[in-house]
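Q: I have this one open in the viewer. Can you walk me through it?

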Amino acid sequence: MDRRNFVKFGTAAVAGLGVGKLLPSQGPGQGQGQMPQMPAQSQAQTETTPADFTLKIAPIVVELAPNRSISTIGYNGTSPGPLLRMREGKQVAIDVINDTDVPELVHWHGLFAASEMDGSEEEGTPVVPPHGRRRYQFVARPAGMRWYHTHTMAGSDLHRGTYTGQYGFLLVESGNNPGRYDQELFLALRDWEPFFATEDEDDEDDDPNAPQLEKPTRMDRSPNGHEAVYRIVSINDKLLGGGDPIKVKQGDRLLVHLLNASATSNRRVALTGHKFQVVALDGNPVPTPQPVDVVSMGPGERVDAFIDMNRPGMWILGATSDADRNAGMGVFVEYANQKGEVQWLRPPQKPWDYTIFGKTAVHPQPDQMVDLIIEKKPGGPHDFNHWTINGKEYPHEGEFVFREGARHRLTFRNRTDDAHPLHIHRHLFELVEMNGKPTAGIMKDTVVIPSFGRVVVDLIADKPGLTLFHCHNQLHMDFGFKALFRYS
Ligand SMILES: [Cu+2]
């Protein structure tokens, strides 16, 4: 791996990271461009020692295409920020410098950080003050594709929180060989130029044949409130055709790390004419890797997949929705020595089903059952929707309690017509049931609950400390859809 390639990362249309064979076995700090290249120490570092990484939060301009730039907030001058690669089990120190006028937080999504380092104000993490700095420290685990992003509230301010460009990829390396590949690509789905609209989002990810186990017999039919929608959407920092294509040769195998870094939108992508061989969900290897035509992700989710390049031509890797692709979500994929028209073939429309990547197994009996009923209070044409868990918006009064060491079976009951990406901090959970369909072995930190759907997960509470649970749709989280789990 050439370190210089990583420096380019934030500004390249896609991160064509050269010819990789294995996940590199370098120590933390490698591949960090301008970052200090210090080996991580085995114990907590003091502020007098150099950090392994430095992130500077500051206003940036992102050139999405020639003559198409936007102003936002980013890390180290780019969005996505630098790819942070770290070795599993190592203590890592990250200095965050806040060069803006508002307090900020950085959340390490999918990592097992302590509550005061996790980047959630609700859990007690101190903010990085305006024009101040703060050191985050944690042990890099678990291995796999993680990411980092701001965790501030935005409310009705579309220039704060995850509506900005404050996010980046974070890879925790175990040294395990994921298999041979020729190119490793980090591709984040992003929306820009948000505004509020009251029409429902076009949820193409809704399965018309879903059983809708949680559909109430009587529903509040009041008109829906504001939702965030976007003028333009990109992959990393480029619109379709706005940057360099992904260049491949026949017979190449790509390893793609897909991330939905949208503040609020569920998305589906395809590489027309090719299949994604999905090997990991949210960075965690799945029991049964499977080829799929389309990958579906809610905000916060990741999918790792191999793609075998065996259909020469000029193609698009992009949103399956024509509207999203026309708004920029895509990148050209160009085989060597091919000329001609870029092709988009409509992929087969099949509902996304996590359980095809699972296995059959009997789950141990849970020690505790926790029901979470999700409901919407429609905002009407001039206001925001509000969201409740078990009848209450955040904060709750200590009703969500983990017992240390116990297996908790969480049942998410979505009594709304939206598909919500539910995220739990500092822990992983195992999928047990998706809309009544049993599965096992799929470990995740974020799961999309289909509209009127029911999802059951098991969580072993072995990471004491306050733990935030929320919808990863920024607008939903900010308007009530979050809860704090405490350890008894
Ligand atoms: Cu939501």
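Q: What classes of residue make up the lining of the largest pocket?
A: This is a predicted model. The lining of its largest pocket has 16 nonpolar, 10 charged and 5 polar residues.

Q: How much space lies in that pocket?
A: About 730 Å³ lies in the largest pocket.

Q: Which lining residues lie nearest its centre?
A: Asp207, Pro351, Trp352, Asp353 and Tyr354 do. The lining counts 31 residues.

Q: Which strand gives the most to that lining?
A: β16, with 3 residues. Both β15 (284-292) and β16 (294-297) supply at least two lining residues each.

Q: Switching to the metal. Which protein atoms are donors of the copper ion?
A: ND1 of His420, SG of Cys471 and ND1 of His476. They lie 2.0 to 2.1 Å from the copper ion.

Q: How are the donor residues spaced in sequence?
A: The pattern is H-x50-C-x4-H.

Q: Cys471 and His476: buried or exposed?
A: Cys471 is buried, because its relative accessibility is 0%. His476 is buried too, at 3% relative accessible area. The cut-off for buried is under 20%.

Q: Back out a bit. How many helices and strands does the chain have?
A: The protein chain has 3 helices and 31 strands.

Q: What share of the residues counts as buried?
A: 60% of the 488 residues.

Q: And the accessible surface, how much of it belongs to carbon and sulfur?
A: 49%, out of about 18700 Å² for the protein chain.

Q: What about contacts between residues 24 or more positions apart?
A: They account for 78% of the contacts with a separation of 6 or more.

Q: Let's do single residues. Where is Ala263?
A: In the loop between β12 (253-260) and β13 (267-271). Ala263 counts as buried, because its relative accessibility is 2%.

Q: What does Ala263 touch, beyond residues up to four places away?
A: Thr162, Tyr163, Asp191, Tyr230, Pro299, His472, Asn473 and Gln474.

Q: How far is Ala263 from Arg190?
A: 8.0 Å in space, C-alpha to C-alpha. In sequence, Ala263 and Arg190 are 73 residues apart.

Q: Where does Glu214 sit, and is it buried or exposed?
A: Glu214 is in the loop between β9 (183-197) and β10 (227-235). It is buried, because its relative accessibility is 4%.

Q: Which residues is Glu214 in contact with, leaving aside neighbours within four places?
A: Arg413, Asn414, Arg415, Phe452, Gly453 and Arg454.

Q: Phe452, then. What is its phi?
A: Near 55°. That is a positive value in a residue other than glycine. Phe452 is in the loop between β28 (446-449) and β29 (454-460). It counts as buried, because its relative accessible area is 6%.

Q: What about the phi of Glu193?
A: About 55°, so positive, although Glu193 is not a glycine. Glu193 lies in strand β9. At 27% relative accessibility, it is partly exposed.

Q: Last topic, the peptide bonds. Which residues does a cis bond join?
A: One joins Arg141 and Pro142, with omega about 0°. Another runs from Tyr394 to Pro395, with omega near 0°.

Q: Where are those two prolines?
A: Pro142 is in the loop between β6 (133-139) and β7 (144-150). Pro395 is in the loop between β21 (386-389) and β22 (401-402).

Methods. Residues are numbered from 1 along each chain as its sequence is written. This is a predicted model: local features need pLDDT of at least 70, side-chain atom pairs count only at pLDDT 80 or more; totals for chains, interfaces and linings use all residues. Side-chain values use heavy atoms; hydrogens and water are left out. Helices (H or I, at least four residues) and strands (E, at least two) are DSSP runs, numbered from the N terminus. Buried means under 20% relative accessible area, exposed over 50%, partly exposed in between (1.4 Å probe, protein chains only). Contact means heavy atoms within 4.5 Å. Accessible areas come from the Shrake-Rupley method with a 1.4 Å probe; for residues, only the protein chains shown count as cover. Donors are N, O and S atoms within 2.8 Å of the metal (3.2 Å for Na, K and Ca); water is not among the atoms, so sites may look incomplete. On a 1 Å grid over the protein atoms alone, a cavity is a set of points where a 1.4 Å probe fits but cannot get out, and a pocket is an open set with protein on both sides within 12 Å along at least five of seven lines; lining residues have an atom within 4 Å of a point. Grid points are joined across faces, edges and corners, and a volume is the space filled by probe spheres set on the points. Ala, Val, Leu, Ile, Met, Phe, Trp, Tyr, Cys and Pro count as nonpolar, Asp, Glu, Lys and Arg as charged, and the others, Gly among them, as polar.
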